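I open this notebook to set down what I looked up in the structure shown below. The entries follow the order in which I consulted it.

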Amino acid sequence: MGFTMGLNFVLLLVMVATNILSLYHLSSTVQSPNPPPPVPVPDHLLRQLNTIRATINHLTRHNPSSSSSTAEPSSAVPRDLILHSQIGPIASSCHNHPDLLHRYMNYTPFSTCPYDPDLQETLILNGCHPLPRRRCFSRTPSKPPSSLPLTHFPTSLPDSGVIWNKYSCKSFACLSQNNPTGFDLNAQRSSLQKYTSELDLPLTQFMQLAKSANSPIRLGIDIGGGTGTFAALMKKSYNVTMLTTTMNVNAPYNEAVALRGLVPLHVPLQQRFPVFDGTMDLVRCGRAVNRWIPLSVMEFMFYDVDRVLRGGGYLWVDRFFSKAVDLEKIYGPLIGKLGYKKVKWAVANKTDPSGLKHGEVYLSALLQKPVSKS
């Protein structure tokens with residue numbers, strides 16, 4: 001029954017696609033004594049039609065006749081056939097980048113996936129997520145580590161746990177030397193534990209605030225968490241489980257998080273968090289959340305933060321930077337729309353060359369979601 005419905009659905013797609021193609025031809029034809037040569041059909045339309053035809057061929061090749069299907073129970077249809085007859089999910093934004101999508105989907109099913117992390121990152125950052133490649137086997141390092149770190153702050157991470165082909169650095173030591181802020185596992189540790197300016201919120205102070213408000217911290221998400229140092233410290237010091245969203249932009253951030261025994265989420269900022277509503281005690285926005293993010297994406301992200309936070313949970317904005325005038329007129333009101341209680345709201349000048357040139361400021365804020373919303 002479900003199989004026949006699937007086939008009928010695909011046939012409906014063909015009818016719609018054929019009508020669209022016909023309308024395209026009609027709209028491209030001028031009724032005149034000397035009509036111009038026909039306009040060629042765009043490649044993306046042809047590719048979509050070919051995909052639909054291939055799906056129909058696949059279904060009809062295995063689909064039993066109507067008479068036999070009525071006589072046999074639906075359980076007689078092989079489960080793997082039903083699985084492979086389904087069209088895999090694809091984000092609508094993928095269609096906005098047909099050339100990249102065509103390169104990404106140019107692979108041999110049931111074989112090893114092409115190794116193209118740079119292409120994957122580009123697609124994901126452009127909103128093509130989840131990625132549509134489904135029927136190949138992911139590559140793994142040729143010589144995986146014989147042992148994995150048993151602590152969240154190891155002295156070093158095993159280089160053999162990463163495929164380094166696409167990166168300029170070929171080891172974690174190289175990354176630590178060239179990008180100490182991101183790959184020195186202890187670099188952020190001290191900054192999260194001490195108070196040096198009004199922008200700081202030491203973890204001990206945050207946990208005490210949550211305790212005094214009778215709002216226990218057990219689960220959370222660290223947005224743009226890099227190599228997972230915040231999650232590591234929360235787990236080590238307070239047994240809090242943090243999910244770390246991070247991207248592999250020019251470096252293996254996801255692998256670094258996983259090698260530390262933590263959970264990386266390979267999702268962009270515009271992606272809906274893959275957790276259920278009202279289940280998180282804390283969402284932290286690190287320095288990856290800043291003025292360079294399109295305003296529409298940031299608004300979507302903050303409303304999704306509200307979706308996943310439970311009543312009484314906390315939104316921690318850690319050193320968000322923007323132009324001072326934009327913070328006052330755009331980002332402050334945007335955050336204010338959430339209607340959260342301001343536990344901390346500190347603004348200070350960004351004193352590096354870029355900050356001085358553009359009149360930028362930092363914002364550190366701790367906001368508590370109302371216990372109940374009706």
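**Entry 1: a pocket**

I looked up the second largest pocket and found a volume of about 1,100 Å³. The model is predicted, with local features needing pLDDT of at least 70 and side-chain atom pairs pLDDT 80 or more, while totals for chains, interfaces and linings use all residues. Residues are numbered from 1 along each chain as its sequence is written, and side-chain values use heavy atoms, without hydrogens and water.

A pocket here is an open set of points on a 1 Å grid over the protein atoms alone, where a 1.4 Å probe fits, with protein on both sides within 12 Å along at least five of seven lines; lining residues have an atom within 4 Å of a point. I noted 36 lining residues, with Gly224, Gly225, Gly226, Arg287 and Ala288 nearest the centre. By class, the lining has 15 nonpolar, 14 polar and seven charged residues.

**Entry 2: disulfides**

I found three disulfides (cysteine sulfur atoms within 2.5 Å). In one of them, Cys94 is joined to Cys128, S to S 1.9 Å. The disulfide of Cys94 and Cys128 is right-handed, because the torsion about its S-S bond is about 90°. Cys94 lies in the loop between α4 (79–85) and α5 (98–104), and Cys128 in the loop between α6 (117–125) and α7 (172–178), so the pair ties together parts that are 34 residues apart in sequence. Helices are DSSP runs (H or I, at least four residues), numbered from the N terminus.

**Entry 3: a helix contact**

Which residues of α10 meet α11? I recorded Leu203, Thr204, Phe206 and Met207, which meet Phe230, Leu233, Met234 and Tyr238 in α11 (heavy atoms within 4.5 Å).

How values were computed
Helix = DSSP H or I, 4+ residues; strand = E, 2+ residues; numbered from the N terminus. Points joined across faces, edges and corners; volume = space filled by probe spheres on them. Nonpolar A, V, L, I, M, F, W, Y, C, P; charged D, E, K, R; others polar.
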